[in-house]
Amino acid sequence: MISKADWQTVHDEIMAEERRRLGEPPTFDEVLAYTQGELSQEEAERIRALLVSHPDLARTVVEPFSEDEADERALVSDEELAERWAALEKRIDGEREQVRRLPYRWIGLAAALVVVFAGLFWQSTLQSHRMPQASALTGEIAEDFRILRPGGFRGGGNDSTVVSTEGDDYRLAISIIGSAERNDFRLEIVDASEKQLWRSDILRRPPSDTFALVVPRAFLKPGRYEVVLHGVEGANHERLAVYPVRIP
Amino acid sequence: MTDREGFKALYAKYYRRMVAFYIRAFRLSEEDAKDLAQDAFLRFYEALDEYRGDAEWAFLETVARRVAYNSIRSRSTAKRGGGQDMSLDEIPPRLEPAVKPPPDYADRETARFVRKRVREAIAELSQGQQQSIHLWGEGFKYKQIASILAISVDAVKSRLRDAKKHLHERLGEDVAGLNWPDGLPEEER
């Protein structure tokens, strides 16, 4: 019998594959031109396929926004509005100040870059000694492990897991999803620009279907990252799931 | 009134609406919606020279959409849509075992076989049928699917009807009790 979970898994897998195949989501201008029928047939088909594979964006095409003043007022108090305005003013003034000072600051900037690169070199030297370690998780997940949630799945949303700022390592638990048929996997850590920072050796499917990933704190600066689970079959690697992580 | 004063008045008038817009149209969390609304107003401020002073919300909504799309694109690999940060501290204590009992080999093989059949059956559908069935699977209604695909509602119904027929033929009785998401497309929800 085909269960709802089977359908959902296949649906999610196909949608994820389409997103990878088609590339970046459409721009606002592309979607606008598509909805107004201004694109060539070929371009329209491309945008149509992208919208299907990005249902969150497709939803913005079909759900008109209706105003509801009472509802809006409940979202943001007068005090918060004032605080937000003050924060925005700071950003505006900060950007202006930055632009104004830029021509006079290039020497300082160059010096700062030297310091940054020296720092990066020093940090990379340190990191070369301590790299992330992936292994099979056996038994119960220890209390100090964070269970990562996959992004891009219905019900799971695209939530980033915010890791704890305590301890020397980030200790993460990654459950295998969306692949009952594979036995070999590889984990990868990429930054927000999708630059690969680290990847594991081939990992065999553990009995718990869960991997433990221990990442030295010095290895990742504050920011957004993704732990990517790949299925491995011979020379073929297939991206199976992405687990967004944010380091505060 | 200076530019800054005029901008502040627009901010006070429309900030809340923009937050609501992001929550409803882009399904962002409240916090993400508030942050993105800040970004959108900053972009609006930078584009004040282009603003002629009329159709305030229409102009702001366009800026808001552009900022949201850019945000989604910059975050997306499989990424999609605005994200919602959630601290694990907010997650209640485990309500279920952290590690589910491992499926045994037979279960895994059965699941693999079933999913392979489903994939093959879907792959045999036309591109239009696949697009319709995927949007249906995401919870869109006929009229919405028609709007997204830029086709008529009748065409959507026809595609879904044909897709359903094909899936029944390929998957047989197995599909009879299917609940995806509320039964195979049959009637308008």
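A residue counts as buried if 20 or more other C-beta atoms lie within 10 Å of its own, as exposed if 12 or fewer do, and as partly exposed in between, with C-beta atoms placed from the backbone. By that rule I find 38% of the 189 residues of chain B buried.

**Ground rules.** I am reading a predicted model, in which local features need pLDDT of at least 70 and side-chain atom pairs count only at pLDDT 80 or more, while totals for chains, interfaces and linings use all residues. Residues are numbered from 1 along each chain as its sequence is written, and chains are lettered from A and ligands numbered from 1 in the order in which they are written.

**Confidence.** I looked up the overall scores: ipTM is 0.72 and pTM is 0.54. Next came pLDDT, the predictor's confidence in each residue, from 0 to 100. Chain A has a mean of 80, with 85% of its residues at 70 or more. Chain B has a mean of 78, with 75% of its residues at 70 or more. Within chain A, helix α7 (residues 106-129) has the lowest confidence, at a mean of 68. Helix α3 (residues 41-53) has the highest in that chain, at 93.

I count two residues as in contact if their C-beta atoms, placed from the backbone, lie within 7 Å. In chain A, residues 153-158 stay under 50, and the model gives them 13 contacts beyond four places in sequence. In chain B, residues 77-97 stay under 50, with 52 contacts beyond four places in sequence. Residues 179-183 of chain B are also below 50, and this stretch has eight contacts beyond near neighbours in sequence.

**Chain B layout.** Helices (H or I, at least four residues) and strands (E, at least two) are DSSP runs, numbered from the N terminus. I find seven helices and one strand in chain B. Along the sequence the pattern reads α-α-α-β-α-α-α-α. Among its contacts between residues at least 6 apart in sequence, 55% join residues at least 24 apart.

**Cores.** A nonpolar core is a set of buried Ala, Val, Leu, Ile, Met, Phe, Trp, Tyr and Cys residues joined through C-beta atoms within 7 Å. The largest one here has 52 residues. Among those with the most contacts inside it are Met18(B), Val19(B) and Tyr22(B). Helix α1 (residues 3-25) of chain B gives the largest share, twelve residues. I checked Met18(B): leaving out residues up to four places away in sequence, it touches Ala37(B), Ala40(B), Leu60(B) and Ala64(B). Another core, of 23 residues, lies apart from it and includes Leu148(A), Val163(A), Leu172(A) and Phe211(A).

**Helix α3(A).** This helix has 13 residues. From first C-alpha to last it reaches 18 Å, close to the 18 Å expected at 1.5 Å a residue; the expected span is 1.5 Å times one less than the number of residues. Its buried residues are Ile47(A), Arg48(A), Leu50(A), Leu51(A), Val52(A) and Ser53(A). What covers them includes α1 (4-22), α2 (28-35) and α4 (55-62) of chain A, together with α5 (127-137) and α6 of chain B.

**Sheet in chain A.** I traced an open sheet of four strands, in the order β1-β8-β4-β2, with mixed pairing. Two strands pair if DSSP finds at least two bridges between them. The edge strands are β1 (133-136) and β2 (146-147), each pairing on one side only. β2(A) runs parallel to β4 (residues 169-175) of chain A over two bridges. In β4(A), Leu172(A) is the bridge partner of Arg146(A), and Ala173(A) is that of Ile147(A). Seven bridges join β4(A) to β8 (residues 210-216) of chain A in the antiparallel sense. There Leu172(A) stands opposite Leu213(A).

**Loops.** Arg27(B) has phi near 55°. Arg27(B) sits in the loop between α1 and α2 (30-46) of chain B and is partly exposed, with 17 other C-beta atoms within 10 Å. Ala150(B) has a positive phi of about 60°. Ala150(B) is in the loop between α6 (142-149) and α7 (153-171) of chain B and is partly exposed, with 16 C-beta neighbours inside 10 Å.

Last, I looked at Glu181(A), in the loop between β4 and β5 (184-191) of chain A. Glu181(A) and Gly231(A) are 50 residues apart in sequence and 9.4 Å apart in space, C-alpha to C-alpha.
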